[in-house]
Amino acid sequence: MANIFDFFFVIINEIRSCFVPEKVEYTIEGECKKCGKCCNYMYSYDTYTEKEFKIMQFLFPAYKRFYIKGRDEEGNLIFACKLVTPEGLCSDYKHRLPMCRKYPAKKISYNGKLHEGCGYKVVSKSFEDYLKY
Ligand code: SF4
Ligand code: SF4
């Protein structure tokens with residue numbers, strides 16, 4: 001059962017994630033192929049246990065649409081959305097979350113990659129590219 005320290009820990013992590021000093025900058029090209037992979041396989045930056053996931057859902061009731069689907073080979077939790085159809089489409093597209101509207105994000109605070117076969121691709125700037133400007 002979650003205690004006050006677990007709540008405190010989750011809230012601190014949420015706040016910390018807004019102040020990451022260095023962000024990766026890149027551009028996104030392409031378009032969505034509506035495969036549904038991003039709704040079926042998600043990772044969370046700061047949710048490692050079932051207990052933390054329940055606290056997140058308590059703090060943000062909109063996240064109740066997500067459930068734990070399993071773990072990857074490194075033990076990280078994989079989430080999925082209850083609202084994605086078997087065809088890979090959003091069944092409540094009009095009311096999808098801001099995070100869904102913004103995906104794939106233009107900036108991230110940690111390493112990330114798109115799903116294999118995703119219609120978007122990431123074009124990141126190398127150090128040499130920055131020197132050209
Ligand atoms: S994984 Fe990429 S192509 Fe597939 S639904 Fe998500 S954004 Fe669209
Ligand atoms: S709300 Fe819709 S777009 Fe967002 S994860 Fe769920 S199915 Fe995908």
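Trainee: How many nonpolar, polar and charged residues are there in the shell around ligand 2?

Mentor: Two conventions come before the reply. This is a predicted model, in which local features need pLDDT of at least 70 and side-chain atom pairs count only at pLDDT 80 or more, while totals for chains, interfaces and linings use all residues. Residues are numbered from 1 along each chain as its sequence is written, and chains are lettered from A and ligands numbered from 1 in the order in which they are written. For a shell, a residue is near a molecule if its C-beta atom, placed from the backbone, lies within 6 Å of it. Ala, Val, Leu, Ile, Met, Phe, Trp, Tyr, Cys and Pro count as nonpolar, Asp, Glu, Lys and Arg as charged, and the others, Gly among them, as polar. The shell around ligand 2 has 7 nonpolar, no polar and 3 charged residues. Among them are Cys39, Cys81, Cys90 and Cys100, together with Arg65, Asp92 and Arg96.

Trainee: Which residues are around ligand 1?

Mentor: The residues there include Cys32, Cys35, Cys38 and Cys118, as well as Lys34, His115 and Tyr120. By class, this shell holds 5 nonpolar, 3 polar and 3 charged residues.

Trainee: How many helices and strands does the chain have?

Mentor: Helices (H or I, at least four residues) and strands (E, at least two) are DSSP runs, numbered from the N terminus. The chain has 5 helices and 5 strands, and their order from the N terminus is α-β-α-α-β-β-α-β-β-α.

Trainee: Which strand is joined to strand 2, and by how many bridges?

Mentor: Two strands pair if DSSP finds at least two bridges between them. Strand 2 (residues 66–71) is joined by 5 bridges to strand 3 (residues 77–81), and the two run antiparallel. Gly70 has Ile78 as its bridge partner, and Arg71 stands opposite Leu77. The two strands form a hairpin with 5 residues between them, and Gly75 in the turn has a positive phi of about 90°.

Trainee: Is Lys34 buried or exposed, and why?

Mentor: A residue is buried if 20 or more other C-beta atoms lie within 10 Å of its own, exposed if 12 or fewer, and partly exposed in between, with C-beta atoms placed from the backbone. Lys34 is exposed because 10 other C-beta atoms lie within 10 Å. Lys54, in helix 3 (residues 50–59), is partly exposed because the number of other C-beta atoms within 10 Å is 17. Tyr45, in the loop between helix 2 and helix 3, counts as partly exposed, with 14 C-beta neighbours inside 10 Å. Of the 133 residues of the chain, 4% count as buried.
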